[in-house]
Amino acid sequence: MTEKNIKPTQPAMPDMGDYIKEISSIWETGILTNNGEKAEKFRQMLLDYTECGNADLFVNGHSALLLAIRVLGLTGEVITSPFTFVSTTNAIVQNGLTPVFGDIDESYNLSTESIEKLLTDKTCAIITPHIFGIPCDIEGIGAIAKKHNLKVIYDGAQAFGTKVAGTDISCFGDITMFSFHAIKVFQSIEGGMLAYRDGALHDKFGLYRNFGITYGECGNDVEAVGINAKMNEFQAAMGIVNLPRLDAEIAKRKKLVRVYAERLRDVPGISTYDYDSRPDIEYNYAYFPVKVTAEYGRSRDELWAWLKENGIGTRKLYDKLTCDYACYKDAGYVRDTGYADKVKDMALDLPLYGTLTETEIEEICDMIKSGVK
């Protein structure tokens, strides 16, 4: 048993002094939440960074996605990917919509071929993640949506900072949700954001994230069934001091990904995503997924356990499709998940974060190489 302790993930933290300086004024204003000045400052910084045109902040990514769907007033069926964190599926179902589970392609994302197979006269939208920070086939999905008059909501929880052909990932689809959870490439402790095309949605998001309350001279009223989804000032302050560090964090991760790719290139049964196959994409390098195939001699689960025994933490993302969770598996939802059913048993997420060293990456790769049977 080794004393090595390489964690699967670590938060990208700012300088402590910078954060303390940023939050100190909160004691002067006495404002902790309710769309305070820091939340607005953070929102403006995000608008400048993404150039997306319209954006609003939320307490977390799930509440943002939940309200994105609600505000569009969708009804019917939604084609989605089951190879994702359960939040994506939960938000669809919590809005009274019927998820239709499509298959994935080699990018781990929802396949346009599968979308075409699953379209019906009840289909109202495509809601799917840019999984692992790898963009979906945006052009293909956009063409399908235009042809069939569908809304497109991207779950960009893992994709903040990614660009396609020089355009920020937030600018595609009708709405894109981002999560600023602690272990994301960019974090504001918790937090979520919606970037969207239609500026008229701004007032609606403001209404729905504050219980649906309206304020008037003669008293308050509640015009919509909303929730409490406002970002607080401490979250916003973390985002304010962290955002200027994002490009450096991505650059560090990119270097580490290059080391991984080179060291694992010829390992039997270890298949890595080819980040060089799409030169038009500027990745955020949120994750480093590999597929463990039979040629390796150990199953994905066996490799995961063996690395853990040797002090290396990895994650099995996603070892169960969302449509196979207990709350969904007997619901009778339509699925076309042949390849996803295979990938869920092969995918392993290796450690990747800015404070990880190249030496540690080499140790991880050497351990994987030594495990070949």
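1. Helix 8 (residues 201-208) lies across strand 1, strand 8 (175-179) and strand 9, at about 155 degrees to strand 9. Helices (H or I, at least four residues) and strands (E, at least two) are DSSP runs, numbered from the N terminus. Axes are lines fitted to C-alpha atoms, for helices over the stretch in contact (heavy atoms within 4.5 Å), and angles run from 0 to 180 degrees between N-to-C directions.

2. The model is predicted: local features need pLDDT of at least 70, side-chain atom pairs count only at pLDDT 80 or more, and totals for chains, interfaces and linings use all residues. Residues are numbered from 1 along each chain as its sequence is written, and side-chain values use heavy atoms, with hydrogens and water left out.

3. Strand 1 (residues 55-58) is covered on both faces: Ala55 and Leu57 are buried on one side, Asp56 and Phe58 on the other. Buried means under 20% relative accessible area (1.4 Å probe, protein chains only).

4. Strand 1 runs antiparallel to strand 9 (residues 192-196), and four bridges join them. Asp56 stands opposite Leu194, while Phe58 has Gly192 as its bridge partner.

5. An open sheet of seven strands has the order 1-9-8-5-4-2-3, with mixed pairing; two strands pair if DSSP finds at least two bridges between them. Strand 1 and strand 3 (98-101) are the edge strands, each pairing on one side only. From one strand to the next, the twist averages 20 degrees.

Definitions and conventions: Buried means under 20% relative accessible area, exposed over 50%, partly exposed in between (1.4 Å probe, protein chains only).
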